[in-house]
Amino acid sequence: MPIQIIRQDITKMKVDAIINTTNKKMIGYSGVDFAVHTAAGPELDKYCSMITPLSLGAAKITPAFNLPCK
């Protein structure tokens, strides 16, 4: 499978998923994490508060809310 590099705002891309780095409280406090939380809307913050804490090296799946991804 070929690799394609695209430079664009990930919060506006119609993709299957967005992989986002975060902290153990899953709070969008700066950088890309802040941009993702802002674009997704307040529902993402509410959802994250229900599924925290996130342990080091772990991953969790959330709905996209207002993001254009699946």
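Predicted model: local features only at pLDDT ≥ 70, side-chain atom pairs only at ≥ 80, totals over all residues.
Visitor: How far from Cys69 is the closest cysteine sulfur?
Guide: The closest cysteine sulfur to that of Cys69 belongs to Cys48. The cut-off for a disulfide is 2.5 Å. The gap is too far for a bond, at 13 Å.

Visitor: Is Cys48 buried or exposed?
Guide: Buried means under 20% relative accessible area. Cys48 has 3% relative accessibility, so Cys48 counts as buried.

Visitor: What is the relative accessible area of Cys69, and is Cys69 buried or exposed?
Guide: The limit for buried is under 20%. Cys69 has a relative accessible area of 13%. Cys69 is therefore buried.

Visitor: Where is Cys69 found, and how far is its C-alpha atom from that of Ile51?
Guide: Cys69 is found in the segment after α2, a helix spanning 42–51. Cys69 and Ile51 are 18 residues apart along the chain. Their C-alpha atoms are separated by 20 Å.

Visitor: Which residues does Cys69 touch, leaving out those up to four places away in sequence?
Guide: Contact here means heavy atoms within 4.5 Å. Residues up to four places away in sequence are not counted. The residues touched by Cys69 are Met13, Val15, Asp16, Ala17, Ile18 and Ala64.

Visitor: Which element gives the largest share of the largest nonpolar core?
Guide: This core has ten residues, including Cys48, Cys69, Met26 and Leu54. The elements giving two or more residues to the core are α1 (31–40) and α2. The largest share is three residues, and the element giving it is α2.

Visitor: Which residues does core member Leu54 touch, not counting those up to four places away in sequence?
Guide: Leu54 belongs to the largest nonpolar core. Its contacts include Met26, which is also listed in that core.

Visitor: How exposed is Ser55?
Guide: Ser55 lies in the segment after α2. Ser55 is partly exposed, with a relative accessible area of 49%.

Visitor: What distance separates the C-alpha atoms of Ser55 and Gln4?
Guide: Ser55 and Gln4 are 51 residues apart along the chain. Their C-alpha atoms are separated by 31 Å.

Note on methods
Residues numbered from 1 in each chain as written. Heavy atoms only, no water. Buried < 20%, exposed > 50% of the residue type's maximum accessible area, 1.4 Å probe, protein only. Helix = DSSP H or I, 4+ residues; strand = E, 2+ residues; numbered from the N terminus. Core = buried A, V, L, I, M, F, W, Y, C linked by side-chain atoms within 4.5 Å.
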